[in-house]
Amino acid sequence: MDHSSFSLIVLDVLEVDSLAKRYSERVILSDVYLKCFTGDIVGLFGRNGTGKSTLMKIVFGIEKADNKFVRVNDKVLVSQSQLIQEISYLSQDTFLPNNSTVLELIRLTLNNQNVNSFVNDAILSPFLNTKVNSLSGGELRYLEIKVLLNLPSKFVLLDEPFNGLSPIIVKAVSELIKSHSKSKGIILTDHDYHSVLDIANRFYLLSDGYLKSISGRSDLVRLGYLNR
């Protein structure tokens with residue numbers, strides 16, 4: 001998104017500032033600064049073990065940091081309850097209750113007026129009366145992502161949203177993310193870098209504890225993350 005062309009629109013902004021984390025003597029994250037506006041899809045790249053998941057967990061408030069400031073619209077968010085109101089988080093582990101049917105879960109999660117539009121979905125509609133623990137991995141991941149994107153939080157963190165998905169569901173998830181980015185700020189990381197490059201409008205690379213703002217594929221090649 002070109003923010004200069006939206007000067008009359010008030011955008012919400014998430015800022016992560018001065019974030020630092022070390023395990024024993026190993027520095028994982030050093031003075032990290034990250035910004036995301038509503039309307040943004042921010043792609044976060046980095047090799048295994050560089051701290052991408054740790055960064056997301058710290059921003060969401062479920063892992064401690066040595067130092068951090070998380071702000072939404074200049075308000076510093078300290079407590080877990082404040083963070084949950086503004087930020088949703090998709091971890092690599094499932095978080096949905098196993099014994100509910102898909103339809104029961106949707107009704108519990110959304111207010112009634114949004115249920116019909118939510119279930120009008122070619123992927124989910126055949127499984128509405130299926131229990132969550134009977135869904136395939138791809139169906140479950142799609143449901144998790146769609147539930148999170150329909151929560152009222154302004155910002156969404158997606159850790160490996162495309163992992164293990166078939167090409168059809170990757171495409172459907174990409175369309176979901178793009179659709180909801182009109183009103184939310186979304187930060188995602190995934191080893192399926194093609195899909196991330198396709199949908200994100202801003203990019204960061206995490207390397208050696210430092211987060212670098214980059215322009216896209218050419219910088220990923222130049223910095224050694226991708227081959228030519």
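1. The side chains of Arg 202 and Asp 40 form a salt bridge, with an N to O distance of 3.2 Å; a salt bridge here is a side-chain nitrogen of Lys or Arg within 4 Å of a carboxyl oxygen of Asp or Glu. Arg 202 belongs to strand E9 (residues 202-207) and Asp 40 to the loop between strand E2 (26-37) and strand E3 (41-45), so the pair ties together parts that are 162 residues apart in sequence. Helices (H or I, at least four residues) and strands (E, at least two) are DSSP runs, numbered from the N terminus. Asp 40 is buried, at a relative accessible area of 0%; buried means under 20% relative accessible area, exposed over 50%, and partly exposed in between (1.4 Å probe, protein chains only).

2. On the basis of the values: this is a predicted model, in which local features need pLDDT of at least 70 and side-chain atom pairs count only at pLDDT 80 or more, while totals for chains, interfaces and linings use all residues. Residues are numbered from 1 along each chain as its sequence is written, and side-chain values use heavy atoms, with hydrogens and water left out.

3. By the rule stated above, the count comes to ten salt bridges. One of them joins Lys 146 to Asp 121, the closest N and O atoms being 2.7 Å apart. This pair links distant parts of the chain, since Lys 146 lies in helix H5 and Asp 121 in the loop between helix H4 (115-119) and H5, 25 residues apart. Lys 146 is buried, with a relative accessible area of 8%, and Asp 121 is buried, with a relative accessible area of 8%.

4. A further salt bridge is found between the side chains of Arg 141 and Glu 144 (3.1 Å, N to O). Both residues lie in helix H5, three residues apart, about one turn of the helix. Arg 141 counts as buried at 8% relative accessibility, and Glu 144 is buried at a relative accessible area of 2%. Elsewhere, salt bridges that share partners join Glu 15, Asp 17, Lys 35 and Arg 71 into one network.

5. The largest nonpolar core has 47 residues, and those with the most contacts inside it are Phe 45, Ile 106, Leu 143 and Ile 177. A nonpolar core is defined as a set of buried Ala, Val, Leu, Ile, Met, Phe, Trp, Tyr and Cys residues joined through side-chain atoms within 4.5 Å. Helix H5 (residues 137-149) gives the most to this core, with seven residues. Apart from this core lies another, of 27 residues, among them Leu 19, Leu 29, Val 59 and Ile 187.

6. Leu 143 touches Leu 96, Val 102, Leu 105, Ile 106, Phe 118, Leu 124 and Leu 135, not counting residues up to four places away in sequence; contact means heavy atoms within 4.5 Å. Tyr 142 is also placed in helix H5 and counts as buried at 5% relative accessibility. Leaving aside neighbours within four places in sequence, Tyr 142 is in contact with residues including Asp 121, Ile 169, Ala 172, Val 173 and Leu 176. The C-alpha atoms of Tyr 142 and Phe 162, 20 residues apart along the chain, are separated by 9.0 Å.

7. Helix H6 has 14 residues and reaches 20 Å from its first C-alpha to its last, close to the 20 Å expected at 1.5 Å a residue; the expected span is 1.5 Å times one less than the number of residues. Its buried residues are Ile 169, Val 170, Ala 172, Val 173, Ser 174, Leu 176, Ile 177 and His 180. The elements covering these buried residues include E3, H5, strand E7 (155-159), strand E8 (185-189) and helix H7 (193-199).

8. His 180 lies in helix H6 (residues 167-180) and counts as buried at 16% relative accessibility. The His 180 side chain reaches the backbone oxygen of Leu 149 at 3.1 Å. Neighbours within four places in sequence aside, His 180 is in contact with Leu 149, Asn 150 and Ile 186.

9. E9 and strand E10 (residues 210-214) pair in the antiparallel sense over five bridges; two strands pair if DSSP finds at least two bridges between them. Phe 203 has Ile 214 as its bridge partner in E10. The hairpin of E9 and E10 has two residues between the strands, and Asp 208 there takes a positive phi near 55 degrees.

10. Helix H1 (residues 52-60) is mostly covered, seven of its nine residues being buried. H1 is followed by Gly 61, whose phi is positive, near 95 degrees.

Key. A polar contact is a pair of N or O atoms within 3.5 Å; within protein, one must be able to donate a hydrogen and the other to accept it, and residues adjacent in sequence count only if both atoms are side-chain atoms.
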